[in-house]
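Look over the fold from end to end. Then follow the text from its surface to one of its helices.

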Amino acid sequence: MEALIRKANKQDLGRLREFLSRANLGTEGLTDETVDYFLLLENEDGTLRGTLGLEAFGENGLLRSLVVSTGQADKEIFVLFDQMVQLAKERGMKSLFLATNKSVALPFFELMGFQRMDREELPGDFYHSEHIRHVLNVDNSLFLKFSL
């Protein structure tokens with residue numbers, strides 16, 4: 001079955017929160033105003049198979065909430081990232097950042113063009129994000145940057 005990627009809207013908010021909660025991810029900051037910064041990966045029948053979100057901070061964006069169901073093809077995940085890059089460009093962003101505590105994921109992110117960075121290099125306004133404050137308290141968190 002072919003997967004489709006589209007921008008989330010207010011009608012998707014409930015099922016997006018449920019999908020993220022099932023993956024043990026927080027939904028703080030996911031509101032009517034921010035839901036359109038999330039992309040959904042769906043089957044043709046509308047079944048949610050993945051998501052990727054973005055927190056906007058002026059010209060910078062923080063990727064968050066990458067969740068894909070078991071069995072999703074790498075190609076679909078790459079397309080999800082590519083579509084997020086396009087969305088960030090449309091919103092006037094210059095850089096994308098991400099945080100992970102899974103060092104096994106580093107080769108994937110580096111293949112996508114992200115480069116490791118020190119946490120001290122994060123833009124100052126990121127520290128207003130509940131998500132970043134939480135990530136900073138995780139000992140093995142790694143930060144990466146992608147220039148648009």
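The protein chain exposes about 8100 Å², by the Shrake-Rupley method with a 1.4 Å probe and only the protein chains shown as cover for residues. Carbon and sulfur atoms supply 46% of that area. This is a predicted model: local features need pLDDT of at least 70, side-chain atom pairs count only at pLDDT 80 or more, and totals for chains, interfaces and linings use all residues. Residues are numbered from 1 along each chain as its sequence is written, and side-chain values use heavy atoms, without hydrogens and water.

Now the fold. The protein chain has 4 helices and 7 strands. Helices (H or I, at least four residues) and strands (E, at least two) are DSSP runs, numbered from the N terminus. Their order along the sequence is β-α-β-β-β-α-β-α-β-α-β.

Next, the packing. Of 148 residues, 44% are buried, meaning under 20% relative accessible area with a 1.4 Å probe, protein chains only. Take contacts (heavy atoms within 4.5 Å). Among those between residues at least 6 apart in sequence, 66% join residues at least 24 apart.

Turn to helix α2, residues 74–90. Its 17 residues should span 24 Å at 1.5 Å a residue, and its end C-alpha atoms are 25 Å apart, so the two agree. The expected span is 1.5 Å times one less than the number of residues. Which residues of α2 are buried? They are E76, I77, L80, F81, M84, V85, L87 and A88. An α-helix has 3.6 residues a turn, so residues three or four places apart point the same way. After α2 comes G92, with a positive phi near 80°.

Notes:
Buried means under 20% relative accessible area, exposed over 50%, partly exposed in between (1.4 Å probe, protein chains only).
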